[in-house]
Amino acid sequence: MHDWPYTTPDPLRGAASHARRRSCLPGLLRSLIGCAAVLVVSSCQQTGVLDPQGPIASAQLLLLINSTAIMLVVVVPVILATLGFAWWYRSSNPRASRAWDEAYEGRIEFVTWSIPALIVILLGGVIWIGSHQLDPRAPIPANGDPLRVNVVALDWKWLFIYPDQGIAAVNQLVVPVGTPIDFRLTSATVMNSFFVPQLGSQIYTMGGMTTHLNLLAAETGEYPGFSANFSGDGFAEMRFIAKVVPAADFAAWVAQARSAGSALDDAGYAKLAKPSKAVPPTTYRSVAPNLFNRIIEQTISGSASLPLPRNATAGSGGAGDGAAWCPPLKQAGG
């Protein structure tokens, strides 16, 4: 028979290995504490849904807090009960009585099912009422008229058209403080999601459809906005800054935009619609008539060029009064 070389445990080697493992524990503990501290500090930064800057975002934060508190009514007792049962029925506790016979206990079944059912009913009622109160289409009460802004999601940038001011901007949204903003949104490409966390109400933009959103900024400042729906290679850079300024500064910005930059005509839009990444903020001094509606019609038809208004000739490049041109619009939810 062969003598197989079985290894025998070395007491000294085992002790040294145990000592090394023990010496690694403080370092691992420090790393875990450091990671926890980083998470706590980063979560305290006031940049997001936890830092509302308008009535819609504030109402959504309250709804989030209420929903979390309602769910914790069940979650916390369950966690405490789990820890309590695990500690009491540990193998080293001789006072814990254990029975292996299966039995039905109606009182436990009643508590187990009734409390979660009541929580679900209460949570559903709170969310249902809050969702209807925060309908994106519902106008926000205010003293002045709302500012109309048409939003078009492109690859990979945001186009903001101000129809009443006759200007447009790319990757830059400038609005006056305290004024309701009436957004109409669509996509000239794949589906995207418009989201300014500190103002609230993420909403989707879809090709050939319009969605509606009403927001209001209560404080001046610069708030980041982005696409919250993956849309291709340039998705990570599809971001913009929502600048909330006083009314006088907004009027000055509009005057400056009208006096500088190029015109967003059909040729300019065709160039802008091409996929591009990290596009710097740009303003346009004028916008082609009915550009937003024509973009929707182009997306529906699948045409490579924008359709002309009904009262424009083929050689006019889309100029003319487009008030009579009204394409069939599909209304999406919101």
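## Strands and their pairing

Two strands are said to pair if DSSP finds at least two bridges between them, and the strands themselves, like the helices, are DSSP runs numbered from the N terminus (helices are H or I with at least four residues, strands are E with at least two). This is a predicted model, in which local features need pLDDT of at least 70 and side-chain atom pairs count only at pLDDT 80 or more, while totals for chains, interfaces and linings use all residues. Residues are numbered from 1 along each chain as its sequence is written, and side-chain values use heavy atoms, with hydrogens and water left out.

Strand β9 (residues 221-227) pairs with strand β10 (residues 239-245) in the antiparallel sense over six bridges, and within this pairing Pro 224 has Ile 241 of β10 as its bridge partner. β9 also pairs with β6, again in the antiparallel sense, over two bridges, and here Phe 226 of β9 is the bridge partner of Phe 195.

## Helix α2

Helix α2 covers residues 55-88, which makes 34 residues, and it reaches 49 Å from its first C-alpha to its last, close to the 50 Å expected at 1.5 Å a residue; the expected span is 1.5 Å times one less than the number of residues. The helix has a kink of about 40 degrees centred on Leu 72, where the bend at a residue is the angle between axes fitted to the seven residues ending there and the seven starting there.

The buried residues of α2 are Ile 56, Ala 57, Leu 61, Leu 63, Ser 67 and Ile 70, where buried means under 20% relative accessible area, exposed means over 50%, and partly exposed lies in between (1.4 Å probe, protein chains only). Among the elements that cover these residues, by contact (heavy atoms within 4.5 Å), are α3 (106-133) and β8 (209-215).

## Backbone features in the loops

Most residues other than glycine have a negative phi, and most peptide bonds are trans. In the loop between β1 (147-154) and β2 (157-162), where Trp 156 is found, the peptide bond from Asp 155 to Trp 156 is cis, with omega near -15 degrees.

Ser 201, in the loop between β6 (192-195) and β7 (203-205), has a positive phi near 60 degrees although it is not a glycine, and it counts as buried because its relative accessibility is 7%. Asn 290, in the loop between β12 (282-287) and α6 (291-301), also has a positive phi, near 55 degrees, in a residue other than glycine, but Asn 290 counts as partly exposed because its relative accessibility is 24%.
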